[in-house]
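Please keep the sequence and the structure in view while reading.

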Amino acid sequence: MTRNKSEKLFARAQTVMPGGVNSPVRAFNAVGGNPLFIQSAQGARITDVDGNEFIDYVSSWGPLILGHAHPEIVAAISEQARLGTSYGAPTEKEITLAEKVTGAFPSMEIVRMVNSGTEAVMSATRLARGITGRDKILKFEGCYHGHADSMLVKAGSGLLSLGTPECPGIVADLAKKTLTLPYNDPDSVKKLFADQGDEIACVIVEAIAGNMGVIPPKEGFLQTLRDVTRKSGSLLIFDEVITGFRVTLGGAQSIFNIQPDLTCLGKIIGGGLPVGAYGGPKKLMDHISPTGSVYQAGTLSGNPLAMAAGIKMLELLSGDNIYADLERKSNLLCNGFKENVAKLGITAKFTRVGSMFSMFFTGTEVVDFNTVKTCDTEFFKRYFNAMLEEGIYIAPSQFEAGFMTTAHSEQDIEKTIQANFKALQKAKG
Ligand code: KE4
C-alpha cells in the first residue's frame, strides 16, 4: 500500500499545524507511521490521497451514522448554501432541529445549539455551577468530555491514547475543583457524596463510556448517580455527544430509562457539520442568557447550514428499522471477530451497545480506566496496521470506539471479518 502522497502532505502539514493535525487523535501517534490524508469518502468507504480505499469504522469519530456523503444530506447542505451559510440571526431551521432534539429526548424541554461537544459540556457545567452556586464537579476516570479546562482531568480519548491523562495549562485551583472517581464504582460515589455532596455542582458522565473504548455502565451505576445527585441538590449531566442518536434515537438515557438534569449532544446531530447542543428542563435552561444570567454565546451557533444537515440527518434516522439494521450488522461483525479470536487462540474482550463497539486485547474484564489500561497496546498497534493493509480503517487507538453505519453492506462486513482474521494472525506473529 503506497502512502507517499500522505507522507508528503504530513511533512507539509507539520510545518504549519501542531503535529500536522487539527486534533491529536488523528496523528497516529499510538499506532506509528504517518496518518492517511483523505481525498474523499462515500457511504462506508474512504479513499486516501494515494488512492487507497478503506472500509471505514471511524465514521469521523461517530457523526456519520448514515455513512459518508449521504445524498440527501449533501442535497440539504447544498440547497441551504445557495441561500447563505450563516446570518447571525434567528432562523426557522434552528427551531426545527431543536424540536427534533427535544422530541427525541423528553428530558430536554429547552435546548441551546453550540458548535461542538466541548462547547456543549463547557456550557452545561457552567450552568450547573451557576444554578447551584457550587464549584466542584465530579467526572469519571477515562471519560472524555471535550477539552474545556475542567474536563481535562484524568480524561480519556486522545489523552489516554497519548498516555497523558493530565494536561499542563489548567489552573491548579480550577483542576482541584474537578473530582474524579473510577467509572462503574457506585460505592465510591456514595462515599464521596456522603462526604461532600453539598459542595458538588454536578456529576458529568458518559452514560455509555466511549472514550476508553466502549465501556457500558454496570447495573445500578447510573441509578446511583441519579439518586445521590437528587438527594444532594447536584445536577446530573449525561454527556451523550457519542451516544445521542447513536445507540437509539433517544440515546443512552432512553435505553437505561434514567432522566438526567442536563444532556450534552454533538456529532450525529450535526449530520457531519459542526454542531453541539445542551439542554434540559425549562426551569434549568431559563438560567441561560438572555433569559437568565448564565452567559453563553456563539457566532455560528445554530447556523442554517449546519442546521440543514442536522435536520436531514434526524429525519432520516426516524425512518423505519434504522436501529434494528444497525443492531443486526453490528452483531454480525462482532460475532465474526469473536469467532476469529477463538480460532486463533487470542485473548480479547468485546463490548458493544448498538452500533458502537470495541475489541480489547486483554484477558481482564474491562469495566473502567484501570482495567482498560491492561490492554496490550503493542498488539493493537500491529493489528491496526495489519487492518490498514487489508483495507480496513479503524480508530488509531485501542481507547476509541468502532462505529457501524447503515451504509455498511453485508459484503463489507464479511470482508471486514476476513480482514480481521488475517490482521490478528499477523499481529500474533
Ligand atoms: P468535540 O468538541 O470533539 O465535538 O466533542 C467533545 C466530546 C465530548 N463528549 C464526548 C463523549 C466525546 O466523545 C467528545 C469527542 N470525542 C472524540 C473521540 N472520542 C473526538 C475526536 C477528537 O478529539 O478528534
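How many residue pairs are in polar contact between domain 1 and domain 2? The count is ten, with both residues of each pair at pLDDT 80 or more; a polar contact is a pair of N or O atoms within 3.5 Å, where within protein one must be able to donate a hydrogen and the other to accept it, and residues adjacent in sequence count only if both atoms are side-chain atoms. The model is predicted: local features need pLDDT of at least 70, side-chain atom pairs count only at pLDDT 80 or more, and totals for chains, interfaces and linings use all residues. Residues are numbered from 1 along each chain as its sequence is written, and side-chain values use heavy atoms, with hydrogens and water left out.

The domain assignment, which is automatic or taken from a database, gives domain 1 as 4-69 + 320-428 and domain 2 as 71-317. Their C-alpha centres lie 25 Å apart. To the contact (heavy atoms within 4.5 Å), domain 1 contributes 34 residues and domain 2 contributes 40 residues.

Between them the two domains bury about 2,900 Å², 70% of it on carbon and sulfur atoms. Buried area here is the accessible area (1.4 Å probe) that two parts lose on being put together, summed over both. Of the area that domain 1 buries against domain 2, Tyr323, Met356 and Phe369 supply 24%, more than any other three residues.

The ligand is the next topic. Around the ligand are 17 residues, of which Ser23, Thr118, Asn211, Asp239 and Glu400 come nearest; a residue is counted if one of its heavy atoms lies within 4 Å of the molecule. In the side chain of serine 23, an N or O atom is 2.6 Å from an oxygen atom of the ligand. For threonine 118, the distance from a side-chain N or O atom to an oxygen atom of the ligand is 2.7 Å. Lysine 267 places a polar side-chain atom 3.0 Å from a nitrogen atom of the ligand.

Two backbone details remain. The peptide bond from serine 289 to proline 290 is cis, with omega near 10°. Serine 59 has a positive phi of about 60°, although this residue is not a glycine.
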